[in-house]
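Subject: Structure for your review

Dear colleague,

Please find below the structure that I am handing over to you. I would be grateful if you would read the notes after it with the model open.

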Amino acid sequence: MYKHQPPKPAPLRSRPRGAMLRQLLLGAGMGSALSGDGVHGRHRLEDDRLAGARRAASWRLPHKPCSVPKARHLTRELLSDWGYTGQGEVAELLVSELVTNALKYVQGTVDLSFSAEDGLLRVEVEDTNPELPRVRTPRPDDERGHGLRLVELLSCCWGTVRTGRGKVVWFELPACAIAEG
């Protein structure tokens, strides 16, 4: 069973490209920022020149409808800055579904976390509701109830785990970085 543990802080040896992530990289080795929309962010990166290097980033999103498009934007920017191709649109869609579900069923903030290692991108959405979600089988004309089904169909694997704060819903996708010459 998966146990949710935040990645261990690592010294920052290489900075990714991109204005948004540079803004988040403050301090020695680990940075945090608060953007005007209430989104807190953290970013850690081990040496990305090494095969299998671990990358991690996370944001705390406020309980507002604007957090869903913000989560999609953060996903798109992060994957672009990390040089990942091929799964960006799928990752955006699945992040959107999970953040929407979290905002629908809780009143508090939602944590959105990414990690990449050994060719896998892992995305976690943590909220304050300990009730684990269930995959539904909606009718074709149902407007709701398709989110977890999409996660199940489009990800390599996915799961849930209760945490001290509530729960984490996570999924993994294959991820390959573009080699820099």
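Predicted model: local features only at pLDDT ≥ 70, side-chain atom pairs only at ≥ 80, totals over all residues.

Residues are numbered from 1 along each chain as its sequence is written, and side-chain values use heavy atoms, with hydrogens and water left out.

Overall architecture

The protein has four helices and seven strands, where helices (H or I, at least four residues) and strands (E, at least two) are DSSP runs numbered from the N terminus. Their order along the sequence is α-β-β-β-α-α-β-β-α-β-β. Of its 181 residues, 43% count as buried, that is, under 20% relative accessible area, with exposed meaning over 50% and partly exposed in between (1.4 Å probe, protein chains only). Among contacts (heavy atoms within 4.5 Å) with a separation of 6 or more, 59% join residues 24 or more positions apart.

Helix 2

Helix 2 (residues 67-82) has 16 residues and spans 22 Å from first to last C-alpha, close to the 22 Å expected at 1.5 Å a residue; the expected span is 1.5 Å times one less than the number of residues. Its buried residues include Ser67, Ala71, Leu78 and Trp82. Seen down the helix axis, the buried residues of helix 2 fall within an arc of 160 degrees, so they line one face; the arc is that of the directions from the axis to the C-beta atoms. Gly83, with a positive phi near 80 degrees, follows helix 2.

The core

Leaving aside neighbours within four places in sequence, Leu112 is in contact with residues including Trp59, Ala71, Val95 and Val123.

Ala91 lies in helix 3 and counts as buried because its relative accessibility is 0%. Beyond its neighbours within four places in sequence, Ala91 is in contact with Thr75, Leu79, Leu121, Phe171 and Leu173.

Pocket and cavity

Grid points are joined across faces, edges and corners, and a volume is the space filled by probe spheres set on the points.

The largest pocket holds about 650 Å³. Of its 24 lining residues, Asn101, Tyr105, Pro133, Arg134 and Leu148 are the closest to its centre. Helix 3 supplies the largest share of this lining, seven residues.

One cavity of 30 Å³ or more is found in the whole structure. The largest cavity has a volume of about 40 Å³, and its lining includes Leu79, Tyr84, Leu121 and Pro174.

A loop residue

Asp118 sits in the loop between strand 4 and strand 5. Its phi is positive, near 50 degrees, in a residue other than glycine. Asp118 counts as exposed because its relative accessibility is 62%.

With kind regards

Terms used: 1 Å grid on protein atoms, 1.4 Å probe; cavity = no way out; pocket = protein on both sides within 12 Å on 5 of 7 lines; lining within 4 Å.
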